[in-house]
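Here is a briefing for a reader who is new to this structure. Please have the sequence and the 3D view open while you read.

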Amino acid sequence: MRYSRAFVQRCIESTLLRVGWVVTALWLTLTATALAQDETPEEKGLRIALEASARNEGFGDFTAGLTMVLKDRHGRESVRQMRFKVLEVQDDGDKSLFVFDQPRDVQGTALLTHAHINAPDDQWLYLPALQRVKRISASRRSGSFMGSEFSYEDMSAGEVKEYTHEYLRDEPCGDRMCTVTVQVPLDEKSGYSRKIVWLDKEELRTWKMELYDRRNSHLKTLTFADYQQYLEKYWRASEQTMVNHLTGASTVLQWTDFQFGTGLADSEFTQTALRRTR
């Protein structure tokens, strides 16, 4: 069978085009690999933190129920029930609100947080018995949140730009492979000198965090368990456990009933709104 010269020319051009795409794809892959290999630990740590943060953007708002279980070093427990809601803020940190429902002696107590990207977070605590909104100063953010092993600082979602980041290593964590990074707070009034964080390589979910005090001693360990995915995108842990290695006490946060896109308004996250919490 004989083919026309024009047909043969088109076949050659098509083949060259396909080869060109293959070469281009191979070049891009090799370039990306080379760039990754040329990254410093600081650059890689920052890249991982930014990617993990980006995967959690765009949710708008959500609400959840929360059970807080406090256990002292002797195993004695006390239980508190709370509600939680978050409003995503464009070009700044999110706004969040915890409201206690049980037991009666803390009912109506509420913590409001306005996180910021390039500035210290703002936090206010409403005490219904005093009918007073109390600002949490930067020097007090390392203090215990309502007698738990979580500090006020822990109850605020840290923004990427509030820390320096450094990649340490990859290692197994449970039945998965994790990337280990270290975060150093830029805020001199932070209660921590550094945080070592384990994120799985597949979804960049946090599974463990070691928290070191200002004397660089291993103060607490926070672990995450039973992740669930919402809206086919957003991962949330159903349980968080904070263990204080100094006191032997622990606090477990059990999360339930996540609801996304509930139409929360900015007016619900103000000091005035704190006084109306029920």
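The points below go from the whole chain to single residues.

This is a predicted model, in which local features need pLDDT of at least 70, side-chain atom pairs count only at pLDDT 80 or more, and totals for chains, interfaces and linings use all residues. Residues are numbered from 1 along each chain as its sequence is written, and side-chain values use heavy atoms, with hydrogens and water left out.

**Confidence**

- The protein chain has an average pLDDT of 89 (pLDDT is the predictor's confidence in each residue, from 0 to 100).
- A score of at least 70 is reached by 86% of the residues.
- Residues 21-35 stay under 50 in pLDDT. The model gives this stretch zero contacts beyond four places in sequence (a contact means heavy atoms within 4.5 Å).
- Where pLDDT is low, the predicted coordinates should not be read in detail.

**The whole chain**

- The protein chain has three helices and 13 strands. Helices (H or I, at least four residues) and strands (E, at least two) are DSSP runs, numbered from the N terminus.
- Of the 278 residues in the protein chain, 42% are buried. Buried means under 20% relative accessible area, exposed means over 50%, and partly exposed lies in between (1.4 Å probe, protein chains only).
- The protein chain exposes about 16,000 Å², and carbon and sulfur atoms supply 52% of that area. Accessible areas come from the Shrake-Rupley method with a 1.4 Å probe; for residues, only the protein chains shown count as cover.
- Take the contacts in the protein chain between residues at least 6 apart in sequence: 43% of them join residues at least 24 apart.

**The second largest pocket**

- The second largest pocket holds about 240 Å³ of space. It is lined by 16 residues, and the closest to its centre are Ala119, Pro120, Arg141, Glu162 and Asp187.
- A pocket is found on a 1 Å grid over the protein atoms alone, as an open set of points where a 1.4 Å probe fits, with protein on both sides within 12 Å along at least five of seven lines; lining residues have an atom within 4 Å of a point.
- Grid points are joined across faces, edges and corners, and a volume is the space filled by probe spheres set on the points.
- The lining of this pocket has six nonpolar, four polar and six charged residues. Ala, Val, Leu, Ile, Met, Phe, Trp, Tyr, Cys and Pro count as nonpolar, Asp, Glu, Lys and Arg as charged, and the others, Gly among them, as polar.

**Backbone points in loops**

- Most residues other than glycine have a negative phi, and most peptide bonds are trans.
- Gln102 and Pro103 are joined by a cis peptide bond, with omega about 0 degrees. Pro103 sits in the loop between strand E3 (95-102) and strand E4 (110-114).
- Leu204 has a positive phi, near 60 degrees. Its loop runs between strand E9 (192-200) and strand E10 (206-213). Leu204 counts as buried because its relative accessibility is 12%.
- Asn216 also has a positive phi, about 65 degrees. Asn216 lies in the loop between E10 and strand E11 (218-230). Its relative accessible area is 41%, so Asn216 is partly exposed.

**Glu42 and Glu166**

- Glu42 belongs to helix H2 (residues 41-54). Its relative accessible area is 42%, so Glu42 is partly exposed.
- Beyond four places in sequence, Glu42 touches His165 and Glu166.
- Glu166 belongs to strand E7 (residues 163-173). Beyond four places in sequence, its contacts include Pro41, Glu42 and Val182.
- C-alpha to C-alpha, Val182 is 5.3 Å from Glu166 and 9.4 Å from Glu42.

**Two buried strand residues**

- Cys178 is in strand E8 (residues 176-185). Cys178 counts as buried because its relative accessibility is 0%.
- Beyond four places in sequence, Cys178 touches several residues, including Cys173, Trp198 and Trp207.
- Arg236 is in strand E12 (residues 234-244). Arg236 counts as buried because its relative accessibility is 10%.
- Beyond four places in sequence, Arg236 has contacts that include Phe59, Phe62, Phe258 and Phe260.
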